[in-house]
Amino acid sequence: MGAYDAELGVAVERAQGGDEDAFARAYRIVHPGLLGYVRGLVGEDAEDVASEAWLEIARDLGRFRGDGAGFRGWTATIARHRALDHLRKQRRRPRTALLEQDVLELPGAHDTAAAALETLSTGQALALIRALPREQAEAVLLRVVVGLDGPAAARVLGKRPGAVRTAGHRGLRKLAGLLAAEQPQGQKDGT
């Protein structure tokens, strides 16, 4: 994410100066991961929740201080708040939420977590992640889908970095077990 973070930092700085093209560039860099994170939290209403988050991001852009990585964390925090608000409203008026099967651009195979997730369709991956306990699911989504480092993910979740690392590790270990259980026997043996 380093090169993208540098490019993102420049785009955010220019957007804060009123450059609409720069804001569009920042949006294109951040939105796929942010949408994946929100989809993992709220399911089929992700587009609406992400749109609400982007309205707030655009409104408060002038108050943001930081670099590209900081911007990704800041946007994830805003999106998380909008998602939690949405979930609270849903609890008051419950309805069945189905996981959308939209295509999500996951990051490249930078690590084993991303490689494992790439073997599944996006819908299958998000369904597996949503089956994890909430803390583990959010840690995995923020680290793998949004691409935040441990301290940034911890700030988004309001937790200590060690707690987020542990939740992410446990979530990835559980996902690996689920993936292994779903593979046909021949693929497990390498045949």
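**Helix packing and the nonpolar core**

Gln136 touches Ala167, Arg170, Gly171 and Lys174, leaving out residues up to four places away in sequence; contact here means heavy atoms within 4.5 Å. The model is a predicted one, in which local features need pLDDT of at least 70 and side-chain atom pairs count only at pLDDT 80 or more, while totals for chains, interfaces and linings use all residues. Residues are numbered from 1 along each chain as its sequence is written, and side-chain values use heavy atoms, with hydrogens and water left out.

On the whole-protein level, there are 10 helices and 0 strands. Both kinds of element are DSSP runs numbered from the N terminus (helices are H or I, at least four residues; strands are E, at least two). The accessible surface comes to about 10300 Å², and 51% of it belongs to carbon and sulfur atoms; areas come from the Shrake-Rupley method with a 1.4 Å probe, and for residues only the protein chains shown count as cover. Of the 191 residues, 45% are buried, where buried means under 20% relative accessible area, exposed means over 50% and partly exposed is in between (1.4 Å probe, protein chains only). Among contacts with a separation of 6 or more, 66% are accounted for by residues 24 or more positions apart.

Back to Gln136, which sits in helix α7 (residues 134-146). Gln136 is buried, with a relative accessible area of 14%. What about the rest of the helix? In α7, 10 of the 13 residues are buried, so the helix is largely enclosed by the rest of the structure. Those buried residues include Ala137, Glu138, Leu141 and Leu142.

Now for the core. A nonpolar core is a set of buried Ala, Val, Leu, Ile, Met, Phe, Trp, Tyr and Cys residues joined through side-chain atoms within 4.5 Å. The largest one has 51 residues, and Tyr37, Val42, Phe71, Leu142 and Leu148 have the most contacts inside it. Elements giving two or more residues to this core include α1 (2-16), α6 (122-130), α8 (150-157) and α9 (161-182). The top contributor is α2, with 10 residues. As a general point, nonpolar side chains in soluble globular proteins tend to be buried together.

Phe71 is worth a look. It lies in helix α4 and is buried, with a relative accessible area of 0%. Leaving aside residues up to four places away in sequence, Phe71 touches Leu8, Val12, Ala26, Val30, Ile57, Leu61 and Phe64. Phe71 and Gly9 are 62 residues apart in sequence, yet their C-alpha atoms are 7.5 Å apart in space. Helix α4 (residues 68-92) also holds His86, which is buried at a relative accessible area of 17%. His86 touches Val42, Asp45 and Val49, again without residues up to four places away in sequence.

Then there are the aromatic rings. Rings of Phe, Tyr and Trp (its six-membered ring) pair if their centres lie within 6.5 Å; planes under 30 degrees apart count as stacked, over 60 as edge-to-face and the rest as tilted. That rule gives 5 aromatic pairs. In one of them, the rings of Phe64 and Trp74 have centres 5.2 Å apart and planes at 40°, so the pair is tilted. Phe64 lies in the loop between α3 (46-60) and α4, and Trp74 in helix α4, so the pair ties together parts 10 residues apart in sequence. Phe64 is buried, with a relative accessible area of 6%, whereas Trp74 is partly exposed at 21%. Elsewhere, Phe23, Tyr27 and Trp54 form one aromatic cluster.
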